[in-house]
Amino acid sequence: MNGVHDMGGMDGFGKVEPEPNEPMFHEEWESRVLAMVRAMGAAGAFNIDTSRFYRETLPPHVYLSSSYYKKWFLGLEEMLIDKGYLTREEVAAGHAMQPAKALKHGKFDRANVERIMVRGKFGRPAPAPAKFKIGDRVRARNIHPATHTRLPRYVRGHVGVVELNHGCHVFPDTAAMELGENPQWLYTVVFEGRDLWGEDGDPTLKVSIDAFEPYLEPA
Amino acid sequence: MSQDHDHHHHDHDHSELSETELRVRALETILTEKGYVEPAALDAIIQAYETKIGPHNGARVVAKAWTDPAFKTALLQDGSKAIGTLGHVSRVGDHLVVVENTPERHNMVVCTLCSCYPWEMLGLPPVWYKAAPYRSRAVKDPRGVLADFGVALPKDIEIRVWDSTAETRFLVLPMRPAGTEGWSEEQLAELVTRDSMIGTGFPRTPGAPS
């Protein structure tokens with residue numbers, strides 16, 4: 001979706017402000033939100049792409065004015081309601097009022113903590129040969145899906161070169177909508193800065209994205 | 001003093017809790033009452049993040065690459081596989097790509113769409129990495145972003161920005177500082193900063209205050 005989360009190339013957000021000796025969490029509740037998202041995801045309530053999509057669908061003014069973990073919280077709450085794990089009435093009451101919905105991987109308890117400290121595996125067997133090889137010129141397709149995609153707007157329509165082939169991976173566009181893993185070839189595609197940003201762009205800049213095969217066409 | 005006044009204290013008096021804190025607590029109560037999560041398991045997750053992951057992991061990998069050419073070659077070939085052979089670094093997930101800074105090319109990593117970051121190597125990302133100024137400008141004006149960090153690159157060096165748009169993760173292998181000949185891996189690891197592995201900074205130089 002063409003949301004405010006797709007920020008590459010936008011102007012006006014001001015300077016980057018690194019915080020010296022930044023704490024891991026600025027408020028205790030942030031750590032609880034992180035833990036709840038990780039736990040409910042690991043228990044099978046949602047996949048990582050779905051959780052990203054729920055943050056992206058927050059209203060733009062909410063997305064832009066909420067802290068990082070506030071976005072995580074708002075996305076989590078809405079997603080769990082939509083998926084039937086809790087109800088708005090329960091959220092309003094602050095207590096469980098309905099029977100629980102079964103989780104795919106069961107309750108998240110202490111025995112599960114170790115396994116979530118390593119990232120999940122996203123590589124999958126290839127359903128078909130790769131269409132592109134390293135060195136091929138490809139155009140990022142001019143597509144504007146209204147749902148989740150990982151093709152940023154700033155490269156659409158531009159020509160780049162395939163630099164790496166990462167094998168077949170879970171396709172976020174379908175996984176986010178719970179339409180299946182639909183594995184697709186994944187490539188690092190590199191673009192010249194001036195192709196993206198015009199004559200005034202930095203001539204020494206190259207930018208790459210990791211692009212799933214359906215995002216690309218031969219150029 | 002003003003810092004003390006501004007700092008939010010975690011009082012257990014509910015009247016002191018913000019709306020967000022109340023909502024987060026309510027959600028945890030519901031998830032617990034419904035039997036989805038065990039609060040002690042949430043505590044354990046937080047503790048694991050606070051103790052097991054962090055830039056010290058990435059720093060060990062970089063220092064090893066600086067001292068062991070065969071490891072460096074393997075690391076640049078397949079980051080996850082090479083790091084998997086190091087017993088002292090926490091396990092790393094698949095699809096870690098290590099990119100090398102050279103006198104001709106400087107690498108910088110961003111996630112314009114959200115906050116993708118090599119957690120196992122660097123810990124949880126800092127706020128600036130997840131915030132709009134960095135995400136918006138890194139791909140268009142990386143030299144301007146570097147200036148915000150007080151970092152200047154030679155005018156004609158290539159700058160390569162890696163936008164983490166999939167489940168691949170990127171770690172920058174910075175250049176080894178001059179004047180460190182004969183240093184041990186442990187000594188070298190002390191020079192490797194988090195930002196030098198994102199590409200928004202350089203390693204410390206010998207003798208400079210840390």
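Start by selecting α1 (28-42) and α4 (68-82) of chain A. Helices here are DSSP runs of H or I with at least four residues, strands are E runs of at least two, and both are numbered from the N terminus.

Now show side chains. From α1(A), the contact uses Glu30(A), Val33(A), Leu34(A), Met36(A), Val37(A) and Met40(A); α4(A) answers with Tyr69(A), Trp72(A), Phe73(A), Leu76(A) and Leu80(A). Contact means C-beta atoms, placed from the backbone, within 7 Å. By class, that is 10 nonpolar, no polar and 1 charged (Ala, Val, Leu, Ile, Met, Phe, Trp, Tyr, Cys and Pro count as nonpolar, Asp, Glu, Lys and Arg as charged, the others, Gly among them, as polar).

A word on what you're looking at: this is a predicted model, where local features need pLDDT of at least 70 and side-chain atom pairs count only at pLDDT 80 or more, while totals for chains, interfaces and linings use all residues. Residues are numbered from 1 along each chain as its sequence is written, and chains are lettered from A and ligands numbered from 1 in the order in which they are written.

Next, bring in chain B. Here 68 residues of chain A are in contact with 64 of chain B. The largest share of chain A's side, 10 residues, comes from α1(A). Overall that side has 33 nonpolar, 13 polar and 22 charged residues.

Zoom to β5(A), which pairs with strand β3 (residues 158-163) of chain B in the parallel sense over 5 bridges; strands pair if DSSP finds at least two bridges between them. Click Val207(A): its bridge partner is Val161(B).

Asn21(A), in the segment before α1, has a positive phi of about 50° without being a glycine. Asn21(A) counts as exposed, with 4 C-beta neighbours inside 10 Å (12 or fewer is exposed, 20 or more buried, in between partly exposed, with C-beta atoms placed from the backbone). Then jump to Glu178(A), in the loop between α7 (172-175) and β4 (184-192). Its phi is positive too, near 60°, and Glu178(A) is exposed, with 11 other C-beta atoms within 10 Å.

Conventions. Two residues are in contact if their C-beta atoms, placed from the backbone, lie within 7 Å.
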